[in-house]
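Welcome to this tour. Please load the model in your viewer and keep the selection tool at hand.

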Amino acid sequence: EYTSLNEILLDKELAKLGDSFVNLVFSLAASNRKEAPTNIRVPSKILAEALRKTGHRKRLPSRTDRHRQGDAVEALIIYSWLGGVLSLEESVAILQQRVDSPVEAFADLITTIVNRLDVAL
């Protein structure tokens with residue numbers, strides 16, 4: 001039902017579900033890396049910086065605050081999972097590679113998702 005990446009990024013309902021999913025996949029990645037259960041809440045600041053790093057920040061309105069930028073990343077990540085673009089396991093594996101540098105880890109994840117999406121960029 002989405003025709004562009006911008007529509008996905010701006011979907012507030014996806015962002016709500018994406019918030020929990022992002023925390024889950026990053027917690028799983030950190031747990032695997034540390035070999036101990038870990039619960040991590042990913043701040044919007046990290047997600048916003050990752051979005052900027054990938055060059056996709058420009059897809060949002062210019063006055064979009066950091067929280068809403070984080071929401072956009074959450075929407076994108078959950079959309080990719082719901083749509084079968086990227087599995088939970090793949091998401092965890094990508095994040096796990098750079099879990100000690102969360103901005104870089106999420107930038108890698110965003111880039112992977114966008115490269116696989118079948119919507120207008």
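The model you see is predicted, so local features need pLDDT of at least 70 and side-chain atom pairs count only at pLDDT 80 or more, while totals for chains, interfaces and linings use all residues. Residues are numbered from 1 along each chain as its sequence is written, and side-chain values use heavy atoms, leaving out hydrogens and water.

Next, switch to a cartoon view. The protein chain has six helices and zero strands; helices (H or I, at least four residues) and strands (E, at least two) are DSSP runs, numbered from the N terminus. The C-alpha atoms fill a box of roughly 40 × 30 × 25 Å, taken along the principal axes.

Of the 121 residues, 50% count as buried (under 20% relative accessible area, with a 1.4 Å probe and protein chains only).

Then select residues 12-34, helix α2, and residues 66-82, helix α4. Their axes, lines fitted to C-alpha atoms over the stretch in contact with angles from 0 to 180 degrees between N-to-C directions, come within 7 Å and cross at roughly 80 degrees. That makes α2 roughly perpendicular to α4 (angles of 65 to 115 degrees).

Finally, show side chains where the two helices meet. Among the residues there are Leu14, Leu17 and Phe21 in α2, and Ile77, Ile78 and Trp81 in α4.

Conventions. Angles under 35 degrees count as roughly parallel, over 145 as roughly antiparallel, 65 to 115 as roughly perpendicular and the rest as oblique. Contact means heavy atoms within 4.5 Å.
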